[in-house]
Amino acid sequence: MTELKVTSDVPAAGDLPPGATPRGEIAAGIRLSFAAGLGMFPIGIAFGVLVVQTGLPWWVAPGLSIAVFAGSVELLLVGLVVAATPLATIALTVLLVNFRHVFYAFSFPLHVVKHPLARFYSVYALIDEAYAVTAASPGTWNRWRLLAMQAAFHSYWVGGGLVGVVLASFLPATVEGLEFALCALFITLTLDACRSGKQVPSLVLAGLSLGLSLVLVPDSALFASMLGFVGLLIVRHLLAQRRRAEADDV
Amino acid sequence: MSETGYLLAVMAIGFAITFALRAVPFAALQPLRESRLVADLALWMPVGILAILTVSTLRSSLESDSSRLLPAVLATAVTVVVHLVGGRRTLLSVGAGTATFVLLVNLL
């Protein structure tokens, strides 16, 4: 997340390059969605199965996928909802888990989309995968390609959830241990976020906050540890600011 | 609150907060870009939040049944090893880890 810059150097934003057709660009957008879709569709199925197997009504799967459209937090919400977690904790969890989306605006090519409704959709469907694919090839986006890719992602996720719901009703019994998919997903996401030693201080602070929360308030450890972690990061920021000021003085 | 009311409230909260997080920065891009605090949090938050989520999902999966400790440890190891050795292909790592856990829980 170091490349926080606005891509404003795209000529004739949203217009098609010479020789390109809307149809061709839509096809290109769908093609670009395949790699990430390979991961989204099966995890969507696991999400749908999980919703049914935890005893929630089937419509929770498409409901959450359409309302929230953010995979990891939806999987997490299933567990929280089953445990009848208070709405305030749910709100804080969604806020903190999805907070990273705030930073996608810096480089997401929303400027190529002109129509207000289309812009609304593009912002609403700004998932991790959409951000990642656009960030990988800046300057190549037009409204057809971008919206086609986002709609394709949307259909993989909602469709996967519905397939999971149907599949769950055919399974002879509940599959014990399937919920580990969420643990495994978070393990891989943590590994991906922690590629350099620079991330170690954040891990230590998170571990500290989590350890204290588990001992002091085990019943609301998730809420307390996230809040504590953000608090510790603000302290770290203040210390870093002081160091930067001192470095400027020298 | 009825169960349906609770579920609808969860969806409404999820939508409102997630959409606001995605939309507000486009409207308030300039001040956000200059905030040093926001830049620091952008850099430092993801790994810690993800680590907390990892531990808390592992914990809630163990809470229901303490005999799952060994399967959870082994499945976590499989997930990590497959992810690092297999070229960070999320689907492969998640599939291998989950299959390990499901097999161990049902066989042991």
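Biologist: In which loop is the place of Ala84(A)?

Modeller: This is a predicted model, and the reply rests on its computed geometry. The helix α3 of chain A spans 71–82, and helix α4 of chain A covers residues 87–97. Ala84(A) is placed in the loop between α3 and α4 of chain A.

Biologist: Is Ala84(A) buried or exposed, and what is its phi?

Modeller: Ala84(A) has 9 C-beta neighbours inside 10 Å, so it counts as exposed. Most residues other than glycine have a negative phi. Ala84(A), a residue other than glycine, has a positive phi, near 50°.

Biologist: Which residue takes a positive phi just after α2(A)?

Modeller: Helix α2 of chain A comprises residues 60–67. Just after α2(A) there is a positive phi of about 50°. The residue that takes this phi is Phe69(A).

Biologist: How are α2(A) and α7(A) oriented to each other?

Modeller: Helix α2(A), residues 60–67, packs with helix α7(A), residues 143–170, their axes being 9 Å apart. The angle of packing is about 170°. Angles over 145 degrees count as roughly antiparallel. The two helices α2(A) and α7(A) are therefore roughly antiparallel.

Biologist: Which residues of α2(A) make the contact with α7(A), and how does that contact divide by class?

Modeller: On the side of α7(A), the contact is made by Trp157(A), Val158(A), Gly161(A), Leu162(A), Gly164(A) and Val165(A). By class, the contact of α2(A) with α7(A) has seven nonpolar, three polar and no charged residues. From α2(A), the residues in this contact are Ala61(A), Pro62(A), Ser65(A) and Ile66(A).

Biologist: Which residues of α2(A) are buried?

Modeller: A residue is buried if 20 or more other C-beta atoms lie within 10 Å of its own. In chain A, 42% of the 250 residues count as buried. Within α2(A), the buried residues are Val60(A), Ala61(A), Gly63(A), Leu64(A) and Ser65(A).

Biologist: How many helices and strands does the secondary structure of chain A come to?

Modeller: From the N terminus on, the elements of chain A run α-α-α-α-α-α-α-α-α-α. The C-alpha atoms of this chain fill a box of roughly 70 × 65 × 30 Å along the principal axes. The secondary structure of chain A comes to ten helices and zero strands.

Biologist: Which helix supplies the largest share of the side of domain 1 of chain A that touches domain 2 of chain A?

Modeller: Chain A is assigned domain 1 (22–193) and domain 2 (196–250), with C-alpha centres 28 Å apart. The contact takes five residues from each of these domains. On the side of domain 1 of chain A that touches domain 2 of chain A, there are three nonpolar, two polar and no charged residues. The largest share of that side, four residues, comes from α4(A).

Biologist: Which helix gives the largest share of the side of chain B that touches chain A?

Modeller: The contact takes 58 residues from chain B and 70 residues from chain A. On the side of chain B, α1, α2, α3, α4 and α5 each supply at least two residues. By class, that side has 37 nonpolar, 16 polar and five charged residues. The largest share, 24 residues, comes from α3(B).

Biologist: How far apart are the centres of domain 1 and domain 2 of chain B?

Modeller: Chain B is divided into domain 1 (1–34) and domain 2 (65–108). Taken over C-alpha atoms, the centres of these two domains of chain B are separated by 33 Å.

Biologist: What is the phi of Arg88(B)?

Modeller: Arg88(B) is found in the loop between α4 and α5 of chain B. With 14 C-beta neighbours inside 10 Å, Arg88(B) counts as partly exposed. Phi of Arg88(B) is positive, near 55°.

Note on methods
Residues numbered from 1 in each chain as written. Chains lettered and ligands numbered in written order. Predicted model: local features only at pLDDT ≥ 70, side-chain atom pairs only at ≥ 80, totals over all residues. Domains from an automatic or database assignment. Contact = placed C-beta atoms within 7 Å. Nonpolar A, V, L, I, M, F, W, Y, C, P; charged D, E, K, R; others polar. Axes fitted to C-alpha atoms, helices over the stretch in contact; angles between N-to-C directions. Parallel < 35°, antiparallel > 145°, perpendicular 65-115°, else oblique. Buried ≥ 20, exposed ≤ 12 C-beta atoms within 10 Å, placed from the backbone.
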